[in-house]
Amino acid sequence: MDSNMNNRDFVGYFPIADGRRRDAELFGAIEDEFHRQQNQIELIASENFVSMDVLSALGNVMTNKYAEGYPNKRYYGGCGYVDVAEKLAIKRICELFNCRFANVQPHSGAQANLSVLYALARPGDVVLGMGLAMGGHLTHGAAPTISGRWFRSISYGVTEDGFIDYDQVLRLAREHMPKVIICGASSYSRRIDFERFREISDSVEAYLFADVAHYAGLIVAGLYPSPMNHAHVVTSTTHKTLRGPRGGIILTNDASLAKKIDSAVFPGVQGGPLMNVIAAKAVAFEEALQPEFKKYAKNVLENSIVLADRLKELGLDIISGGTDSHMSVLDLTRLSITGKVAEMELEEVGITCNKNAIPFDELPPSQTSGIRVGSAAMTTRGFGVDEFVQIADLIHRVLANYGNPNHEVIKMDARMEAANLCRRFPLYNT
C-alpha cells in the first residue's frame, strides 16, 4: 500500500460514532460508502483515493472562511491565513507543471473549462473540440452544456483505428475558423500531440486550450507529454491521476491571459472559493512533488498497459488497440452486451467501472457499446501487475460468459475472488 495512505487509523480519525448518534441516516451512508470503497475493485478512471493528509485538510476550519477575491486582494477581512494556503497551492502547482501562472479556485474541472471559455471567447464564437462519443468531454462543446449552447460548437473525432484524426482537425479548423480549439479528452487512452494541435491553432489564429484532467499525474511525473509549451491555457482536475481532492485548476504562461482567467473565475463564473479544498489541493500538490509520486505514476501506467494487454490476450477489443495512459476503453460489440449491462454485471461481483461510448457508437449514451477502465485508484491501494492480470481475467470471465447457464455460479466465484483481492490491500490501513 502507498505509504502516505496509512499514517492514521481511519475509524478513529473521523468522528463517525458521534455523528451516527446525531444523524444516523446520513452518517450511516458515509460509513456504507467507506465499506463500498474498501470492498470493491475501483476501475473508474476518473477516481482515486486521497491520502489521510488530504482528507484531514478537507475537513478543517478553513471551510468557515469566506475569501472572495485573490491573495492580498480579498473582499473580506481576516484572510491572512487562507492567503497562505492559496499561495502554497499556486506555488506548488506551478512547480509541478513548470508554468508561470495558476488559478487554483475552480470548484471542478467543468468550472475551470467554463472559466477559460468565458475568458477566451464570446457567445456565438466557434469552438472546435473533440466529440463526446469520440472520447471528448461534455464541457468541450457537447449540446446539453453551456459550452454547446453559448458557442457554435464543431466536433472532431478519431480515425477508424481509434487515434485522433489530426487531418480532420486541420480541415475543420480551416473551414470554420474557430476562436478556440480544445484538445484533451475524457476517454482517449493514447498520447495527444500537443505540438501538432498548436501548429493547427496558429494556422487559423485560434487559442489552443488543453484539458489534461485525466493525464495530469502522468504529466507531472514525466510519463505523458506536457502541453505547457504549446497550449495558451491548460486546465485540469485535481483528483484522478493527480490524486488530490475533487476540484479544478487553470494554468498559463501568458501574463495577459492570466489576468483574464482570474477575472473569469471570479467574479465571472464563481463567487467565494472553497478554502478548505484549496488547502487540500496544496497538500496533494506537495505529495506529487515527492519522488514517491513518480514511482506511483510509473506503476499506474505499467498496470494500465498490463490490464489492456491481458484483456486483448483474452480476446476482448480495446479501442485503438491499447493505451499510453491510465485508462482503456473496451469495445463490447462482439460480446453482444451493452456497456450498461457490463457495468451492472461487474459491479455485482465487486468491480466498479463505467459504461462508455465508443467511437462511431450506434447505441445511445444511456446504453453504450463500451466500458472504460482505469488503474489509478487500485494502484494507490498497492495493486501491481499480478493483481491487474487477475482483474482482467475476472472481467473476461464475467462478460464473456454473460447468458451462460452457469453465469450466476461464475459470478459468485468472481465475487469471492474480487473480495479476497481487496482484503489483501486494505484501504486506509483499516
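User: Is Arg196 buried, exposed or partly exposed?
Analyst: Arg196 is partly exposed, with a relative accessible area of 33%. The cut-offs are under 20% relative accessible area for buried and over 50% for exposed, with partly exposed in between (1.4 Å probe, protein chains only). Before we go on: this is a predicted model, where local features need pLDDT of at least 70 and side-chain atom pairs count only at pLDDT 80 or more, while totals for chains, interfaces and linings use all residues. Residues are numbered from 1 along each chain as its sequence is written, and side-chain values use heavy atoms, with hydrogens and water left out.

User: Good to know. What does the side chain of Arg196 meet in a salt bridge?
Analyst: That would be Asp167, at 3.2 Å from N to O. A salt bridge here is a side-chain nitrogen of Lys or Arg within 4 Å of a carboxyl oxygen of Asp or Glu. The pair links distant parts of the chain, 29 residues apart: Arg196 sits in helix α9 (residues 194-203) and Asp167 in helix α8 (residues 166-176). Helices are DSSP runs of H or I with at least four residues, strands are E runs of at least two, and both are numbered from the N terminus.

User: How many salt bridges does that rule give?
Analyst: The count comes to 18.

User: And which residue does Asp202 pair with?
Analyst: Asp202 bridges to Arg198, with the closest N and O atoms 2.9 Å apart. Both are in helix α9, and because they are four residues apart, about one helical turn separates them. As background, an α-helix has 3.6 residues a turn, so residues three or four places apart point the same way. Asp202 is partly exposed at 43% relative accessibility, and Arg198 is partly exposed too, at 24%.

User: What about Asp393, which side chain does it meet?
Analyst: Arg310, in a salt bridge of 2.8 Å, N to O. Asp393 belongs to helix α16 (residues 385-400) and Arg310 to helix α13, so the bridge ties together parts that are 83 residues apart in sequence. Asp393 has a relative accessible area of 21%, which makes it partly exposed, and Arg310 is also partly exposed at 21%.

User: Which residues are linked in a salt-bridge network?
Analyst: Glu345, Glu348, Glu408 and Lys411 are.

User: Back to α13. How far apart are its end C-alpha atoms?
Analyst: They're 33 Å apart, which agrees with the 33 Å that the 23 residues of α13 (residues 291-313) should span at 1.5 Å a residue. The expected span is 1.5 Å times one less than the number of residues. After α13 comes Gly315, which has a positive phi near 100°.

User: OK, the core. Which residues touch the most other members of the largest one?
Analyst: Ile93, Phe97 and Phe197, out of 64 residues in that nonpolar core. Helix α5 (residues 80-97) gives the most to this core, with seven residues. A nonpolar core means buried Ala, Val, Leu, Ile, Met, Phe, Trp, Tyr and Cys residues joined through side-chain atoms within 4.5 Å.

User: What's Ile93 in contact with, leaving aside neighbours within four places in sequence?
Analyst: Ala102, Val104, Leu242, Ile249, Leu251 and Phe285. Contact means heavy atoms within 4.5 Å. Apart from this core lies another one, of 41 residues, among them Val54, Ala280, Leu330 and Val349.

User: Where is Asn98 found?
Analyst: In the loop between α5 and β4 (101-103). Asn98 has a positive phi, near 55°, and is exposed at 65% relative accessible area. Ser336 also has a positive phi near 55°; that residue lies in the loop between β12 (327-331) and α14 (339-348).

User: Last one: is Tyr428 buried or exposed?
Analyst: Tyr428 counts as buried, at 5% relative accessibility. You'll find Tyr428 in the segment after α17 (407-424).
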